[in-house]
Amino acid sequence: MRRLILSALSCLLLAHPADAAPRVDNQVALAVDGVTQTRNLPVLLAERLGYFHDEGLDVRLIDAPAKPTPLDLLGDGRANGAVAYYHHTFMSRTDAKLDTEAVVVLGISPGEKLLLASRLRDKVRTPADLKGLRIFTGGANSGKTTAMNALILHDGLSLADYTALKPTSQTDMAKALVDGAADAVVAHEPDASAYVASGAAFVYADFNSRAGVLASLGALYPSTSLYLPTAWVEAHPDQAQHLVNACLRALAFIRTHSAAEIAAALPIADTGPDPQAYIARLVSDKLMFDGDGLMPSEGARMELAAMVALNPAYRGIDVAATYTDRFVTESPDAPPLKTLHDAANP
């Protein structure tokens with residue numbers, strides 16, 4: 001019953017009076033790297049709870065988890081902006097020659113964990129012991145690979161010190177960990193917990209929570225971000241500000257509500273057929289969003305260094321040009337978390 005009531009309230013939030021309708025020139029299309037993936041929760045909530053509408057914007061979320069990619073949609077004009085991991089700004093500048101910049105950082109961690117095969121529990125005690133391991137990561141520029149490379153570099157190793165394995169099914173990867181064909185895996189929830197529950201692996205490094213990412217990487221790590229072409233920002237500063245305002249309201253909603261309350265505010269089409277499974281995943285994933293919207297500058301440099309180590313083509317990027325804190329600092333919805341930001345970015 002409570003879920004039905006909250007869902008009804010959510011519908012009411014979306015039912016705005018006609019005289020409050022956004023202007024036609026404030027239509028904005030955002031390409032999202034998986035609209036209902038919990039890594040993109042803030043922008044989903046901003047749309048579902050009517051925060052974009054409250055800012056006078058008519059925002060359309062375009063689901064782009066595969067092909068076409070957010071960069072494809074930005075490049076041909078089908079999208080005005082995109083929501084994906086921050087390092088996509090490096091990719092857009094180098095791979096597509098399209099200057100983009102993150103205008104608000106939504107995630108402050110990769111939302112992942114590095115799990116080692118249980119047979120290595122007494123053998124890997126220090127970062128140096130990671131040398132020579134075979135690790136399931138992801139594609140060359142995936143969030144998993146970039147985070148893993150950042151960890152390796154932070155630990156004083158080089159990318160040549162481990163072997164990146166192409167991921168397969170969870171069942172096959174768990175078997176490889178047990179049989180000795182692989183030594184570790186980078187995983188999101190609920191997969192990470194499944195590896196632990198099966199006895200195949202244990203958590204070596206937690207990149208998920210604020211405390212975990214600081215312990216593992218030494219700095220907050222910008223992940224999910226709203227990024228826009230620099231030319232569009234310059235031509236539409238008001239719309240950019242309103243987009244950021246709505247996203248900051250969504251971050252505040254996540255920060256002040258439990259996983260169950262957040263799930264109750266979303267329609268079943270977003271949470272999937274098993275609300276309890278969604279809630280269980282969200283308990284962990286919502287920790288990604290414990291930030292203030294500002295760019296953790298040390299983490300930005302660390303992320304670029306990880307990309308450059310894998311592909312020197314990214315070496316010429318000016319990291320300061322890939323983000324702006326202007327709209328967060330000028331937003332009336334900026335949260336009082338500046339002290340936390342400063343503590344993680346001395």
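Is Val35 buried or exposed in this structure? Before I come to that, please keep in mind that we are looking at a predicted model, in which local features need pLDDT of at least 70 and side-chain atom pairs count only at pLDDT 80 or more, while totals for chains, interfaces and linings use all residues. Residues are numbered from 1 along each chain as its sequence is written, and side-chain values use heavy atoms, with hydrogens and water left out.

Val35 counts as buried because its relative accessibility is 9%, where buried means under 20% relative accessible area, exposed over 50%, and partly exposed in between, with a 1.4 Å probe and protein chains only. Val35 sits in the loop between β1 (27-32) and α2 (41-48); helices (H or I, at least four residues) and strands (E, at least two) are DSSP runs, numbered from the N terminus. Leaving aside residues up to four places away in sequence, Val35 touches Asn40, Leu44, Arg48, Leu61, Ile62 and Asp63, and a contact here means heavy atoms within 4.5 Å. From Val35 to Pro65 there are 30 residues in sequence, and 7.8 Å in space from C-alpha to C-alpha.

Let us turn to Thr89, which belongs to helix α5 (residues 88-95) and counts as buried because its relative accessibility is 0%. Its contacts, again without residues up to four places away in sequence, are Thr100, Glu101, Ala102, Tyr227 and Thr322.

For the whole protein, 53% of the 346 residues count as buried, and the fold contains 17 helices and ten strands. Among contacts with a separation of 6 or more, 81% are between residues 24 or more positions apart.
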